[in-house]
Amino acid sequence: TPEAVRFRYWMHYAEGSAMPPLLLKLVFTMLPRRAPALMRPLVKGVAAKALAGFVDPQLRAHVDFWEAELGRSDWFAGDQFTAADIMMSFPVEMAALRGGLADRPATRGWLDRIHARPAYQRALVAGGPYSGAGTGERTA
């Protein structure tokens, strides 16, 4: 079915396509903070160029894609919640933490629906909420 094709696509897309630019965003954001003091200005410049020239445009393209797809249906694989939505929850959460969903109503609505699910609420109780520090780490 078309939904099965979308399901398989999003299951693989989450880690194979969505996560690499999010990981690069994390790395290039953290590099200047972790660099030795003498190297910090150079590392900051390189990181800023990498973010502006490659990482941020890639992230915008991915988020634009999510927005278009979620404009077609409430969930990533169709009209039903599936494991594909669970797989996509982490990339979308990370994009939201990095401020990438401000003008994306369909993606923001999807994230609100995920947050409203009882299983998500139980997971927050068990694992704690995501921190707002922008590192993607959960608080203790």
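Which residue's side chain meets that of D64 in a salt bridge, and how many Å separate N and O?

Mentor: Start with the ground rules. This is a predicted model, so local features need pLDDT of at least 70 and side-chain atom pairs count only at pLDDT 80 or more, while totals for chains, interfaces and linings use all residues. Residues are numbered from 1 along each chain as its sequence is written, and side-chain values use heavy atoms, with hydrogens and water left out.

Now the terms. A salt bridge is a side-chain nitrogen of Lys or Arg within 4 Å of a carboxyl oxygen of Asp or Glu. Helices are DSSP runs (H or I, at least four residues), numbered from the N terminus. Buried means under 20% relative accessible area, exposed means over 50%, and partly exposed is in between (1.4 Å probe, protein chains only).

Your pair is D64 and R104. Their side chains meet in a salt bridge, 2.5 Å from N to O. D64 lies in helix α2 and R104 in the loop between α3 and α4, so the pair ties together parts 40 residues apart in sequence. D64 counts as partly exposed, at 41% relative accessibility. R104 is buried, with a relative accessible area of 10%.

The whole structure holds six salt bridges. Another one joins K25 and D56, whose closest N and O atoms are 2.8 Å apart. Here K25 in helix α1 is linked to D56 in helix α2, 31 residues apart. K25 counts as buried, at 17% relative accessibility.

R6 and E69 also meet through their side chains, at 3.5 Å from N to O. R6 lies in helix α1 and E69 in helix α2, so this pair ties together parts 63 residues apart in sequence. Both R6 and E69 are buried. For R6 the relative accessible area is 14%. R72 joins in as well: R6, E69 and R72 are linked in a network of salt bridges. Contact means heavy atoms within 4.5 Å. Not counting residues up to four places away in sequence, R6 touches E69, R72, S73, W75, F76, A77 and G78.

Stay with α2. Its buried residues include V43, A47, L51, V55, L59 and W66. Their cover includes α1, α3 and α4. The helix also bends. A kink of about 45° is centred on L51, where the bend is the angle between axes fitted to the seven residues ending there and the seven starting there.

Next, the nonpolar core. Such a core is a set of buried Ala, Val, Leu, Ile, Met, Phe, Trp, Tyr and Cys residues joined through side-chain atoms within 4.5 Å. The largest one has 29 residues, and W10, W66, F76, M88, V92 and W110 touch the most other members. At least two residues of this core come from each of α1 (2-34), α2 (40-70), α3 (83-97) and α4 (105-116). The largest share, eight residues, comes from α2. Take M88: leaving aside neighbours within four places in sequence, M88 is in contact with W10, Y13, A14, W66, F76 and W110. In soluble globular proteins, nonpolar side chains tend to be buried together.

One last contrast. L38 sits in the loop between α1 and α2. L38 is exposed, with a relative accessible area of 82%.
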